Amino acid sequence: MSTTEPDALLGPADIRELAATLGVRPTKQRGQNFVIDANTVRRIVRTAEVRPDDVVVEVGPGLGSLTLALLEAADRVVAVEIDDVLAAALPATVTARMPQRADRFALVHSDAMLVRELPGPPPTALVANLPYNVAVPVLLTMLDRFPTIERTLVMVQAEVADRLAARPGNKVYGVPSVKANWYTDVKRAGSIGRKVFWPAPNVDSGLVSLVRRAEPVATTASKAEVFAVVDAAFAQRRKTLRAALSGWAGSAPAAEAALVAAGISPQARGEALTVEEFAAIAENKPAATGPAEAGPAETTSVETTSVANEPDVENKPEQSA
């Protein structure tokens, strides 16, 4: 870990002063809540198990609270920020607060959903605070586009954290749970209260740890083909898989045939299946209907909808700083 000054991280007064200087007024509409507690960001870094040789990518750095804590522990940090004002200010904050680490920091001013390459060495870890309405598509997009990311820790609204980490059979198990499991082993990694944010949100937050699978899901089906089954199964989650997959397979009898061939009861529901079982169904899709196609844009759309259509949740902190 790098040696830094005791006051290098941002405290409550620092956050408010920075925001005032930049003319940034946190709004509920934008979900802007800034972390004002140095102990919290250091806890996030510890929970993420950031190592001295890690190249960490951070999405939504905001004013830089978590960014500075990451720079204390990692070899390099690349921050992706969409906001014009916040993106323009962050490099100066890093230089002022942690000058000895400034050359280890890089900023990408872009929407994370559009980023396809990052400066410097490939990222090995992803640490971010994400708003619930884009948390799942951003997370899955980053995992898909940057396969060198081995460890991920995201802070999201508590209910979204529960969905990501849910196991088959859990009532909140759904599209986010299955697709996250395609890439990683997922688990809840802690809770974050409301008082560490300014302004304090109306919801609690949760930490989710995602560790890249040592081996990919064993299947002859492509990711697009598997995800097409997942999307179809949960689009009508109250229906049996025989009914829910009828459109995907071409008919209910064809769906039943695919399910039986995969060793799964046609009366089962999507919430009971593992990602491996969804892959087995994809492998047995009736050939006459042709392969499933689901590009990145379709996957993203489904992800956002899938989260939004589950029980209502309030917006959570958008920025990690």
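Leaving aside neighbours within four places in sequence, which residues is Asn181 in contact with? I started there and found Arg167, Val186, Arg213 and Val275, counting as contact any heavy atoms within 4.5 Å.

**Ground rules.** I am working from a predicted model, where local features need pLDDT of at least 70, side-chain atom pairs count only at pLDDT 80 or more, and totals for chains, interfaces and linings use all residues. Numbering runs from 1 along each chain as its sequence is written, and side-chain values use heavy atoms, with hydrogens and water left out.

**Confidence.** I looked up pLDDT, the predictor's confidence in each residue from 0 to 100. The chain's mean is 88, and 85% of its residues reach 70 or more. Residues 1–5 stay under 50, with eleven contacts beyond four places in sequence. The pLDDT is also below 50 over residues 289–321, a stretch with 111 contacts in the model beyond near neighbours in sequence.

**Whole chain.** I count 13 helices and nine strands; these are DSSP runs numbered from the N terminus, helices being H or I with at least four residues and strands E with at least two. Of the 321 residues, 55% are buried, meaning under 20% relative accessible area, against over 50% for exposed and partly exposed in between (1.4 Å probe, protein chains only). Among contacts with a separation of 6 or more, 75% join residues 24 or more positions apart.

**Back to Asn181.** This residue sits in helix α7, residues 175–183. Is Asn181 buried or exposed? It is buried, with a relative accessible area of 13%.

**Nonpolar cores.** I took a core as a set of buried Ala, Val, Leu, Ile, Met, Phe, Trp, Tyr and Cys residues joined through side-chain atoms within 4.5 Å. The largest has 66 residues, and Val226, Leu245, Trp248, Phe278 and Ile281 touch the most other members. Helix α8 (residues 223–235) gives this core its largest share, eight residues. Apart from it lies another core of 39 residues, including Ala19, Val45, Leu68 and Ala74. I then followed Ile281, whose contacts beyond four places in sequence are Val229, Leu245, Trp248, Leu259, Ala262, Ile264 and Leu273.

**How do the axes of α8 and α12 cross?** They come within 8 Å and cross at roughly 105 degrees, α12 being residues 275–283. I used lines fitted to C-alpha atoms over the stretch in contact, with angles from 0 to 180 degrees between N-to-C directions. That makes α8 roughly perpendicular to α12, the label for 65 to 115 degrees. The contact involves Glu225, Val226, Val229, Val230, Ala233 and Phe234 of α8 and Phe278, Ala279, Ile281 and Ala282 of α12.

**Loops.** Gly60, between β2 (55–59) and α3 (65–73), is buried at 12% relative accessible area. Gly60 is 51 residues from Asp111 in sequence, and their C-alpha atoms are 9.2 Å apart. A cis peptide bond joins Trp198 and Pro199, with omega about -10 degrees; Pro199 is in the loop between β8 (197–198) and β9 (205–212). Glu49, in the loop between α2 (38–47) and β2, has a positive phi of about 55 degrees although it is not a glycine.

How values were computed:
Parallel < 35°, antiparallel > 145°, perpendicular 65-115°, else oblique.
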